Structures are given as structure tokens and as C-alpha cells.
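Okay, thanks for coming, everyone. Let me put the structure up, and then I'll walk you through the parts I'd like you to look at.

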Amino acid sequence: MAGERRDTRPRLRIGMERVADLPPKALVDAAAESVLLALGSRGLGSLQGFLLGSVSLPVIAHASAPVAVVHEPDEPAPAEAGPVVTGLGHHDPHDPLLGCAFEAAADARLLVVGRREDRPLPGTRIGPVTHGVLHHARCPVAVVPAG
């Protein structure tokens with residue numbers, strides 16, 4: 001798969017590494033050394049999408065860097081760049097969300113939402129709005145840890 005991507009995107013830097021950890025842990029660890037972690041989506045139906053997510057949901061809930069989830073498009077994206085949209089809560093700090101949105105605004109269509117880090121219970125809970133956006137938005141979604 002890496003060779004296929006190198007052929008279609010020659011300027012994209014692609015690296016491969018084998019790890020012994022389970023995928024969620026390996027990806028959370030990789031996010032700690034990254035500016036942005038991108039995850040693909042299998043393009044499952046909405047019911048399956050809510051029931052599954054054994055890799056993406058724990059990674060999004062625990063990654064220290066923004067995580068972008070990219071769905072397989074229903075149709076090819078237009079050549080020109082579209083807007084970047086960010087969702088802001090009225091109680092959350094906005095600087096991390098807006099910083100991520102502004103960085104992506106040069107040439108991507110993206111929806112940026114936050115993830116609170118002061119959850120009362122440990123686990124993979126990411127909040128109902130972020131969860132809903134991840135499963136229903138057809139554009140790439142970036143989830144930014146927002147304090």
C-alpha cells in the first residue's frame with residue numbers, strides 16, 4: 001500500500017514500521033511524536049459505524065495530538081480547496097481548535113472539533129457531539145485535544 005501511495009503522491013513522505021503493540025496503543029504512542037495523526041475509515045454504514053470503531057475511538061479519546069479521520073469519499077472531491085469548519089463550545093478554550101483549523105485552511109476541506117481532556121471516567125468516551133460528527137460527517141474530521 002505504501003508503494004501505491006508513493007506512486008500517486010510522490011511528494012508525500014511515507015514511512016512504515018512494524019510494532020508489537022495492539023493498534024490503538026501503537027497509534028496513541030505514534031500521536032505523541034506527531035503534529036497530526038490521520039486515520040482512515042472503512043466507510044461502514046451508520047449503524048455499523050456506531051457499533052464498531054475498536055481502533056479509531058480509543059485513539060481519538062487518548063491521543064495527545066490532533067487526530068484526523070478521513071472517510072472514503074462517496075465521490076471525488078473538486079480540485080479547488082473548500083472551507084475549513086470548526087465547532088466551538090461555549091465553555092472550552094478555543095486556541096487549540098482554531099490553530100488546527102487555520103493551519104489546515106491553506107488547501108484542505110476539513111471539519112475541526114475539540115475533545116475535552118477532563119473526562120470524569122477513563123475509557124474511550126469522546127463526547128456525544130464529537131462522536132456524532134465522526135460518524136456522520138462525510139468530509140475529513142480532525143479531533144483536537146482541547147484541555
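Let's start with β4: five of its six residues are buried, so this strand is largely enclosed by the rest of the structure. By buried I mean under 20% relative accessible area, with exposed being over 50% and partly exposed in between, using a 1.4 Å probe and protein chains only. Helices here are DSSP runs of H or I with at least four residues, strands are runs of E with at least two, and both are numbered from the N terminus.

Quick housekeeping. This is a predicted model, where local features need pLDDT of at least 70 and side-chain atom pairs count only at pLDDT 80 or more, while totals for chains, interfaces and linings use all residues. Residues are numbered from 1 along each chain as its sequence is written, and side-chain values use heavy atoms, with hydrogens and water left out.

Back to the strand. β4 covers residues 110-115, and V113 sits in it. V113 counts as buried because its relative accessibility is 6%. So what does V113 touch, if we skip residues up to four places away in sequence? The list is G87, L97, T130, V133, V141, A142, V143 and V144, where contact means heavy atoms within 4.5 Å. There's also P66, which is 47 residues from V113 in sequence but 9.6 Å away in space, C-alpha to C-alpha.

Pick T130 from that list. T130 belongs to helix α6, residues 128-136, and is buried too, with a relative accessible area of 6%. Its side chain reaches the backbone oxygen of G114 at 2.9 Å. That's a polar contact: a pair of N or O atoms within 3.5 Å, where within protein one must be able to donate a hydrogen and the other to accept it, and residues adjacent in sequence count only if both atoms are side-chain atoms. Beyond its neighbours within four places in sequence, T130 is in contact with V113, G114 and V143.

Now R115, also in β4. Is R115 buried or exposed? Buried, at 3% relative accessibility.

Five strands make an open sheet in the order β1-β2-β5-β4-β3, with mixed pairing; two strands pair if DSSP finds at least two bridges between them. β1 and β3 are at the edges with a single partner strand each, so one side of each has no neighbour in the sheet. On average, neighbouring strands of this sheet are turned by 25 degrees against each other, direction ignored. For that angle, axes are lines fitted to C-alpha atoms, for helices over the stretch in contact, and angles run from 0 to 180 degrees between N-to-C directions.

Going pair by pair, β4 and β5 (residues 141-145) run parallel and are joined by five bridges, with L111 opposite V141. On β4's other pairing, with β3 (residues 84-86), the sense is parallel over three bridges, and V84 stands opposite L110. β2 and β5, by contrast, run antiparallel with three bridges, and V67's bridge partner in β5 is V143.

Next, packing. The largest nonpolar core has 19 residues, and I60, V67, L134 and V141 touch the most other members. At least two residues each come from β1 (37-40), α4 (56-62), β2, β4, α6 and β5, and α4 gives the most, with four residues. Apart from this core lies another of seven residues, including A68, L110, A142 and V144. For the record, a nonpolar core is a set of buried Ala, Val, Leu, Ile, Met, Phe, Trp, Tyr and Cys residues joined through side-chain atoms within 4.5 Å.

One contrast: V70, in β2 (residues 67-70), is partly exposed at 37% relative accessibility.

Last, the totals. The protein has six helices and five strands, and buried residues make up 27% of its 147 residues. Of the contacts with a separation of 6 or more, 76% are between residues 24 or more positions apart.
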